Amino acid sequence: MLIRHLFLPLLTVIILHGSAWASDCVKYGVQVEISGFYGEVVFPGPPNYENVRAGDASETASFLFLENAICISAGGDEMELAIASTRVIQLSCPSYIIGLLRDAAGKLSKVRGSLFAAHTAHHRTSALIACGD
């Protein structure tokens with residue numbers, strides 16, 4: 001009986017907080033500001049997208065490694081999937097912004113833009129941010 005009296009309020013708190021967390025998720029297509037550390041990763045590109053040493057071109061992708069994880073609500077498009085938690089967002093920004101972020105590498109940076117869902121083989125995270133809009 002004592003356990004039931006303690007368990008029910010605890011479950012209620014968890015449910016209420018869970019729904020609050022979902023409302024704190026960012027959305028696709030609206031302006032957001034995220035903070036993190038800039039980094040680049042080299043991936044194999046054409047023709048086979050398998051191995052740079054075997055002759056595939058190299059493709060460098062830019063990322064923001066987030067200070068705090070974020071969640072993203074599902075959008076209206078079938079590709080805009082909900083993401084419960086992510087700490088890495090690929091950047092789709094003009095070269096001058098990438099240059100500024102590269103110069104500030106190792107320091108906490110803020111990026112503003114709108115999130116969009118990955119839709120090509122060049123997109124390395126499920127959600128990307130288009131900055132400099």
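Which residues do ring pairs link into a cluster? Phe-43, Phe-63 and Phe-65 are the residues joined in this way. The model is predicted, so local features need pLDDT of at least 70 and side-chain atom pairs count only at pLDDT 80 or more, while totals for chains, interfaces and linings use all residues. Residues are numbered from 1 along each chain as its sequence is written, and side-chain values use heavy atoms, with hydrogens and water left out.

**Overall architecture**

- The chain contains two helices and five strands; these are DSSP runs numbered from the N terminus, with helices (H or I) of at least four residues and strands (E) of at least two.
- Read from the N terminus, the order of elements is α-β-β-β-α-β-β.
- Of the 133 residues in the chain, 32% are buried, where buried means under 20% relative accessible area, exposed means over 50%, and partly exposed lies in between (1.4 Å probe, protein chains only).

**Strand pairing**

- Strand β1 (residues 31-44) includes Phe-37.
- Nine bridges join β1 to strand β2 (residues 58-72) in the antiparallel sense; two strands pair if DSSP finds at least two bridges between them.
- Val-41 has Ala-61 in β2 as its bridge partner.
- Strand β3 (residues 83-92) also pairs with β2 in the antiparallel sense, over five bridges.
- Phe-65 has Val-88 in β3 as its bridge partner.

**Aromatic contacts**

- Two aromatic pairs are found in a search of the whole structure.
- Rings of Phe, Tyr and Trp (its six-membered ring) pair if their centres lie within 6.5 Å; planes under 30 degrees apart count as stacked, over 60 as edge-to-face and the rest as tilted.
- Phe-63 is buried, at 4% relative accessible area, whereas Phe-65 is partly exposed at 34%.
- The charged end of Arg-124 sits over the ring of Phe-43, 4.1 Å from its centre; this term requires NZ of Lys or CZ of Arg within 6 Å of the ring centre and within 35 degrees of the ring normal.

**Nonpolar surface patch**

- Phe-37, Val-41, Phe-65 and Leu-108 make a nonpolar surface patch of about 310 Å².
- Patches are made of residues with over 30% relative accessible area and no salt bridge, with nonpolar side chains (Val, Leu, Ile, Met, Phe, Trp, Tyr) joined within 5 Å and like charges within 9 Å.
- A salt bridge is a side-chain nitrogen of Lys or Arg within 4 Å of a carboxyl oxygen of Asp or Glu.
- Phe-37 is partly exposed, with a relative accessible area of 36%.

Key. Areas by Shrake-Rupley, 256 points an atom, 1.4 Å probe, with all protein chains shown as cover.
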